[in-house]
Amino acid sequence: KPNLVIGFDLHGQEDLGEPLYKYANEFFELPNTANFFFHAGETKWQGRTDWNMMDAILLNTKRIGHGYALFKHPHLWQTVKKRDIAIEVSPISNQVMGLVWDLRNHPASFYMSEDLPVVITADDPGVWNAKGLSYDFYYAFMAMSPIDADLK
């Protein structure tokens, strides 16, 4: 039944795949009650993958997986903030993939300071041999949150 689709999550290595807009017609064929959760902006370079963030926003995504490059685009992150779109942050994955060496320099610190909705996630914890989210939460708390933050 078409009413069974409640969400659609698209992820993968963006620079090797097709951009989101290539699938726009298929997305619009889904029921209008479907929620989108798109993987976008997982790069430290500027270019094609940045467009996926804009396309995800235009397609009314509820969450952006990674969104690492979002901080480079003020109009996009302001729109994300206004629409209350969650940004998934995967600290260990981003470090292992070479996007950031010192997690104190991760863009999530900026997202938190701008009060953007941030979700801490483990991206493929089996690949890193991690157990759940504990390590990612620890690094997010110790490296990305303000010095006066606490567990509240």
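Predicted model: local features only at pLDDT ≥ 70, side-chain atom pairs only at ≥ 80, totals over all residues.
Visitor: Why is His 39 called buried?

Guide: Happy to start there: His 39, in strand E2 (residues 35-40), has a relative accessibility of 11%. Buried means under 20%, so His 39 counts as buried.

Visitor: What makes the pairing of His 39 with Glu 42 a polar contact?

Guide: The two side chains come to 2.6 Å, and the cut-off asks for N or O atoms within 3.5 Å. The pair therefore qualifies as a polar contact.

Visitor: And why is Phe 110 called partly exposed?

Guide: Phe 110, which has its place in helix H5, shows 27% relative accessibility. That value lies between the 20% limit for buried and the 50% limit for exposed, so Phe 110 counts as partly exposed.

Visitor: Which residues does Phe 110 touch, leaving aside its neighbours within four places in sequence?

Guide: Those are Phe 71 and Trp 77. Good to know as well: Phe 110 and Met 144 are 34 residues apart in sequence, with 8.6 Å from C-alpha to C-alpha.

Visitor: How do you know that the buried residues of H3 share a side?

Guide: In helix H3 (residues 74-83), the buried ones are Leu 76, Trp 77 and Val 80. Their arc around the axis is only 95 degrees, which means they sit on the same side of H3. The face turned away from that side carries His 75 and Lys 82, both exposed.

Visitor: What do the buried residues of H3 pack against?

Guide: Their partners are helix H2 (48-58), strand E3 (61-66), strand E4 (86-89) and helix H5 (108-113).

Key
Residues numbered from 1 in each chain as written. Heavy atoms only, no water. Buried < 20%, exposed > 50% of the residue type's maximum accessible area, 1.4 Å probe, protein only. Helix = DSSP H or I, 4+ residues; strand = E, 2+ residues; numbered from the N terminus. Arc of directions from axis to C-beta. Contact = heavy atoms within 4.5 Å. Polar contact = N/O pair within 3.5 Å; in protein donor to acceptor, adjacent residues only side chain to side chain.
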